[in-house]
Amino acid sequence: MNKIFPQLISAGAIIFIAIFAQYLTPFDPYEQNLARALTPPDSINLLGTDRYGRDILSRVIIGSQTTILSALALLAVISIFGSLIGAVCGFKGGKLDTFLMRLSDVFLAFPQMVFAIAAAGALGGGLFNAALALALIGWTKYARISRSLTLTIRKMPYIDAAKLAGTSSFGILINHVLPNIAGPILVTAALDIGTIIMELAGLSFLGLGAMPPTAEWGAMMNNGRSMLQTASWVILAPGFAIFLTVAIFNLLGDALRDVLDVKNR
Amino acid sequence: MKKFLAAMTSVGILISGCGSDNSTAEDKTTFTYGTVAYGVAMENAGTNPHESYSGWSTIRYGIGETLFKFNEHMELEPWIAESFAQIDDYTVKIKVKDNVTFSNGKKVDGEAVKKCLEHLIVNHDRAPHDLKISGIAADGQIVTITSTEKVPALLNYLSDPYGCIIDVDAGFEDKIVVGTGPYRAVKVTDTQIDLVRNENYWGAVKPKLEKIIVRSITDGDTLTMAMQNGELDAVQGLPYSSLKLFDNDKFKISQVDTSRVYQAAFNFDTPELQDLNVRRAISMAIDKENFTKVLLDGNGTAAVGPFPANLSFGDNAVHAAPYDLDGAKNLLTESGWIDTDGDGYVDKDGKNLELRYLTYTSRQELPLLAEAAQANLKKIGVKLNVNATDNYKTFLRDGDYDIFSKAIVTAPTGDAEYYFTSHIVSGAVDNAGHYNSAEISRLENELHNTFGAANRSALAIQMSQQILDDCALFYASHLKMSFVMKNNVAGFYAHPSDYYEITAELEKK
């Protein structure tokens, strides 16, 4: 447990900032003050201001809410939904299994980001549509993992015992299958947080995610792109926030894997 | 120590490999030009002036020339034509210069001009509606044009880039045309035009460069870096924030005010916007000065009406409601819009004043204006939901907007009528706000039948003022156009028309 403690604390701190962001910002992140536009970091605006004179520190803090909480919500949806589909397919088999797995093959045939860009573009942009685009292709990984785990569990003696005891298929799935596949799914999800944050920020960077004036790290980087050489703080602050957050969640995922993976015990 | 030396050597090799090769002498006969303004998205890919907006490319890159051209005050001067005579309200006689030749050596006479204009009105989408030509006759160097109705701005329209005189007998293969300009195209793609010197150029000043490459680079940062590392000799369309990188001895900047304006049209189908007080309040809450000074980095002029001050019917002749937040709030209160629930937004009958602001991103300044307007209007309690999308035409078609903001060159031919007929009169193709004014219709009818620059200018002023009095649109800023070039480039100047770029004077010293 000691191995995972620092990562848990760091990730917890980031999630705490994201949840209570509106109470932590020193200034209104959406208040424009053109008289202080593009002010370098100083004692008033610790991370400087953007081209509208908005405080970058406040926007990075409030942006954590948009970026991290959206990523976590998206991850929760695709991991739960994908795992359920995989578990049902693995447990029931038959035509439903064949159909859903071929469908997942179709989605897996596309590179994830390319598919997400195309889908988000077709859906018309916006943070919700960007998340939807990522969800469309993201569930397949979880469906695959949970299906293969379910196939193994299905042959276990305690499943036969449950069947003999008259437990319904739904009951077996909920009480015996899902608890036993939760560990690997959790590790996969933890390792995925960083990727999802990067992808959501990537879509916003391309103008397919958060719309102005929403503070979102990818969109903030895009807005500051043309100022990389003249006012680099505008792009460096959200860039560093993405780097730090992704690094922390990736380390957390690694640590979780070490703790939960039976082979490493 | 050996390891350290090996590492340092490797780093040295890497660094030398990454650097640009400055050892060779610069080629002074080839000019490489990067621009954001050429491409399929701008509807000007190709050099055939009889196709959409490709004429802008024909004239911009020195391939074609028109009968008349505009000076820096946007007044007409002869170019291929020597003189003209207005025979009556429907007939104009134009004398073509005797010494003009196409780049293939063929002489430009009345017959060649007639063939070109006939091909234009058969093939172009806008030209026949502008020119309203009923017949063209050629006799030696004289061309006589007859119109179906009065077209007082006929010569202005003939000076539109679509009016480039080309040799139609030479064909249009591979998007290449034969014009009269100082350079001729040898290869044209959707992203690049290769030009060589026109050895038969008729002008007094002969083209000095052997080869010109025009490259379409639509990403502002790529353009900036290509200019910085010396890949390009000149660029057009740099992001404003990048201009200061070139404010040094190695580069030169040429800037000019153009008639390109950032405007926003109120949708008269939106019930809330049918109230003049609401439209006026919104217009009064837009901080144009700071938008221009800060967000455009001073690369523009805060606008009053549709036309810039350098035109006789421009901003110096009209007036609009000033920036006044308190006044704007009072107007809203007068119309019953008051923040009763304390949420920061004014409401009436339990509904907030919330508007959909539609714009697009391919003009980099428009999203900036949208965000600035959003913050400005929040101060008077109006909520603006910005939709900045390049799929804006779908929203326009479906009517999913309350305010539509765009950038438009209002006087490309130095005359105001084009703007009114395309954007303002009831039923005009680009009248996004569905503005319908009986007074505007009356004035437009009068303008359409009025000859003489002074009289037309007076009418244009009246029409602009009517638009501003009705608050049918608000005008934020007039764009300043900028060329950045290496300091050895000469004869390359930004022109208020927005479409005279490469000329015979261009050279590398």
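**Packing of helix α3 in chain B and the overall build of both chains**

The model is a predicted one. Helix α3(B) covers residues 110–123, and its 14 residues extend 20 Å from the first C-alpha to the last, close to the 20 Å expected at 1.5 Å a residue. Its buried positions are B:A112, B:V113, B:C116, B:L117 and B:L120. Viewed down the axis of α3(B), these buried residues fall within an arc of 125°, and they therefore line one face of the helix. An α-helix has 3.6 residues a turn, so residues three or four places apart point the same way.

Strand β5 of chain B (residues 91–96) runs antiparallel to strand β7 of chain B (residues 142–147), and five bridges join them. Within this pairing, B:T91 has B:T146 of β7(B) as its bridge partner. Strand β7(B) also pairs with β6 of chain B (residues 133–139), again in the antiparallel sense, over six bridges. Here B:A137 lies opposite B:T144 of β7(B). The two strands β6(B) and β7(B) form a hairpin with two residues between them, and B:G140 in the turn has a positive phi of about 65°.

At the level of the whole chain, chain B contains 15 helices and 21 strands. The radius of gyration of chain B is 25 Å, close to the 23 Å that the globule rule gives for 509 residues, so chain B is as compact as a globular protein of that length. Its C-alpha atoms fill a box of roughly 90 × 75 × 35 Å along the principal axes. Of the 509 residues in chain B, 47% are buried. Among contacts in chain B with a separation of 6 or more, 68% are between residues 24 or more positions apart.

Chain A has ten helices and zero strands, and its pattern along the sequence is α-α-α-α-α-α-α-α-α-α. The C-alpha atoms of chain A occupy a box of roughly 75 × 45 × 25 Å, taken along the principal axes. Buried residues account for 43% of the 265 residues of chain A. Of the contacts in chain A with a separation of 6 or more, 71% link residues 24 or more positions apart.

One position in chain A was examined individually. A:I197 belongs to helix α8 of chain A, which spans residues 169–205. A:I197 has 25 other C-beta atoms within 10 Å and is therefore buried, the threshold being 20 or more. Leaving aside residues up to four places away in sequence, A:I197 touches A:T67, A:I68, A:A71, A:I242, A:T245 and A:V246. The C-alpha atom of A:I197 is 13 Å from that of A:A116, a residue 81 residues apart from A:I197 along the chain.

The two chains also touch each other. The contact involves 16 residues from chain A and 20 residues from chain B. On the side of chain A that touches chain B, seven residues are nonpolar, seven are polar and two are charged.

Terms used: Residues numbered from 1 in each chain as written. Chains lettered and ligands numbered in written order. Predicted model: local features only at pLDDT ≥ 70, side-chain atom pairs only at ≥ 80, totals over all residues. Helix = DSSP H or I, 4+ residues; strand = E, 2+ residues; numbered from the N terminus. Rg over C-alpha atoms; globule rule 2.2 N^0.38 Å. Buried ≥ 20, exposed ≤ 12 C-beta atoms within 10 Å, placed from the backbone. Contact = placed C-beta atoms within 7 Å. Pairing = 2+ DSSP bridges. Expected span 1.5 Å × (residues − 1). Arc of directions from axis to C-beta. Nonpolar A, V, L, I, M, F, W, Y, C, P; charged D, E, K, R; others polar.
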